[in-house]
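Work through the exercises below with the model in view, and compare each step of the solutions with your own reading.

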Amino acid sequence: MTLSNKIDFAVIFSVKNANPNGDPLDGNRPRIGYDGIGEVSDVCIKRKMRDRLLEDGQEIFVQSDDRRKDDFTSLKARADSVINAKMTKQEIIKAACAKWFDVRAFGQLFAFKSKKNDADGVSIGIRGPVSIHSAFSAAPINITSIQITKSVNSEDTKDGKKSSDTMGMKHRVDCGTYVFYGSMNPQLAELTGFSDEDAEEIKKILPKLFENDASSARPEGSMSVTTVFWWKHNCKGGQHSSARVHGSLTVGDGGSYTLAPLDGLEPEIIEGF
């Protein structure tokens, strides 16, 4: 049984003295717009969702190397264990969605090279029913940058002096409140087999999105989910558009929020972990 009802959701999270999502084109500084509003990409959010789902025992196709739960060292090797170019398009979609949670939730592109000519091939795209927006801060953020030094050389030098790579930079958001939105589409769920049980699994991991995610850029406790909003419609088409549902939530700096009434639809409000 695939997803029975349309679902919209929103997540408010706080950042304190952490880099929630560095921009590689800007020296790994926290992502920020010209208006000073902070941003965390949808790709970054999906990575954390995949990690939490993997920890919860789900089969995940796009695994990061440091959290890998199998012996496959590439996506191709992992894909080849289940699907191959001899299978029909529908067989590939069915096998991949049945095997991997993130494929049937977020979708995936599978590309196959031709045996006769590597320049030719076929790509099979799977559209997932779960869409995730980028997160944006409720107010302009302040970024602090500090210079750091090493106390030892990375490698020996001829003159015995410190090597030239002893300087570096670290960046952090001093304090910020972010919010991101998502939706689950029952029509697309019919194509991938995404079920009500799968939706409940995502609902389960959202309050714990930043647990076991600590790093030098994000020390333990520096990022936390404060509130999750879960709107479950009473039909597949939805009682209201996702734009109207998401627009009913207004988030203020510091985590405060207001909810505009929606006829016949109220969210389940879940406290962060």
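**Exercise 1.** Determine whether Asn17 is buried, partly exposed or exposed, and describe its backbone.

Solution. Asn17 has a relative accessibility of 39%, and because buried means under 20% relative accessible area and exposed over 50%, with partly exposed in between (1.4 Å probe, protein chains only), Asn17 counts as partly exposed. Next, Asn17 belongs to strand 1, where strands (E, at least two residues) and helices (H or I, at least four) are DSSP runs numbered from the N terminus. Finally, its phi is positive, at about 55 degrees, although Asn17 is not a glycine.

The model is predicted, so local features need pLDDT of at least 70 and side-chain atom pairs count only at pLDDT 80 or more, while totals for chains, interfaces and linings use all residues. Residues are numbered from 1 along each chain as its sequence is written, and side-chain values use heavy atoms, with hydrogens and water left out.

**Exercise 2.** Repeat the analysis for Asn28.

Solution. Asn28 sits in the loop between strand 2 (22-23) and strand 3 (29-30). Its phi, near 65 degrees, is likewise positive in a residue other than glycine, and its relative accessible area of 43% makes Asn28 partly exposed.
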